[in-house]
Amino acid sequence: MKAAVVTDFGKALEIQDLPVPEPGPGQVLVRMEASGLCHTDIHAARGDWPVKPRPPFIPGHEGIGPVRAVGPGVSEDLVGKRVAVPWLGSSCGTCRYCVSGWETLCRSQVNSGYSVDGCYAEYTVANAGAVVRVPDAVSSLDAAPLTCAGVTTYKAVKVAHVVPAERVAVFGIGGLGHLAVQYARLVGGLVTAVDLEPDKLGLAHRLGADALVNARTHDPVEEIRKAGGADVAIVLAAAPQAFEQAYRSLNPGGRLVMVALPADDAAIQVPIFETVIGGISVIGSIVGTRQDLTEVFALHAAGRTRVIAETRRLEDVNDSFEEVLGGRAEARLVFEF
């Protein structure tokens, strides 16, 4: 099979011919049809975060395709079914997080394209209990971004407990942000989109954002406060400054939802006095669960969301990374096989 491989941190990925993996006990073999490019894949390839993957490895955790074979202990009924291979490759299933529906917090979790080989390949193996069925009404091209960008922003809106008419500021409009705008609107939020690029703001406008702020030409804190402040600020831009701006834009009782993961273990200052007196909440939101992804697919199948994506060839993976880093991708890039 053809696969894009990280051979060492910071080096260009190599397109290699590798043997098709065989599914082990509890696993399925998935023939990739589409695999989304998440910024996490770039962080993984560069070794940006404190917990690093071990090269060589195959990135990718937005993989969609039919099951071609199953390993011991897995029902043959799965063969031929189209599934999503998400970030959460597996979890222990027995800890208090797993049994309470928070398997994404499991301390023993395995992550696709990070701690095990992922979806930048024509075939991948995955834990049968972790994959999620894709409805017939959702195309593979759309399903790939929904598998991470969609479920991550959907979960962020969920944990923020957005209620109708609350003001929601979304910092960073792109693969994740264009979906966050839609999920916030679905629950009745009044959405302000914040970005540096006019094209990204234009996308947010087309998707129904109520207000736009160009953070390159205007102070987003000032602009958001002039418009009534933010009750919820969801940060999807991987820059510490965006987190600081989001915090300072909040109204009393506001919730800062941290989603993006900047490189180098970045941090921001959270003033204790203002946080206590203002009743501010700071929430870390990781990717959603299997149930969250099932809901994301159901909403899309019902026509409630739009995915903005462009296709690329796996051979162009390094150019695609640069396209994302340069802010030239309108939203999500998806490798088609």
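The side chains of Asp292 and Lys155 meet in a salt bridge, with N and O 2.9 Å apart. A salt bridge here is a side-chain nitrogen of Lys or Arg within 4 Å of a carboxyl oxygen of Asp or Glu. Asp292 sits in helix 9 and Lys155 in helix 3, 137 residues apart. Helices are DSSP runs of H or I with at least four residues, strands are E runs of at least two, and both are numbered from the N terminus.

The model is predicted: local features need pLDDT of at least 70, side-chain atom pairs count only at pLDDT 80 or more, and totals for chains, interfaces and linings use all residues. Residues are numbered from 1 along each chain as its sequence is written, and side-chain values use heavy atoms, leaving out hydrogens and water.

**Salt bridges**

The structure holds 13 salt bridges. Lys158 pairs with Glu295. Lys158 lies in helix 3 and Glu295 in helix 9, so this pair ties together parts 137 residues apart in sequence. Lys155, Lys158, Asp292 and Glu295 are linked in a network of salt bridges.

Arg290 forms a salt bridge with Glu103; their closest N and O atoms are 3.0 Å apart. This pair also links distant parts of the chain: Arg290 is in helix 9 (residues 290–301), and Glu103 is in the loop between helix 2 (96–99) and strand 8 (110–111).

How exposed or buried are these residues? The table gives relative accessible areas for Asp292, Lys155, Lys158 and Glu295. Buried means under 20%, exposed over 50%, and partly exposed in between (1.4 Å probe, protein chains only).

| Residue | Relative accessible area | Class |
|---|---|---|
| Asp292 | 2% | buried |
| Lys155 | 8% | buried |
| Lys158 | 34% | partly exposed |
| Glu295 | 23% | partly exposed |

Glu103 is buried at 5%, whereas Arg290 is partly exposed at 36%.

**Nonpolar cores**

The largest nonpolar core has 66 residues; Tyr120, Ile234 and Val257 have the most contacts inside it. Helix 3 (residues 140–160) gives the most to this core, with 10 residues. Such a core is a set of buried Ala, Val, Leu, Ile, Met, Phe, Trp, Tyr and Cys residues joined through side-chain atoms within 4.5 Å. Apart from it lies another core of 16 residues, including Phe171 and Ile224.

Val257 touches residues including Ala156, Val159 and Ala160, not counting those up to four places away in sequence. Contact means heavy atoms within 4.5 Å.
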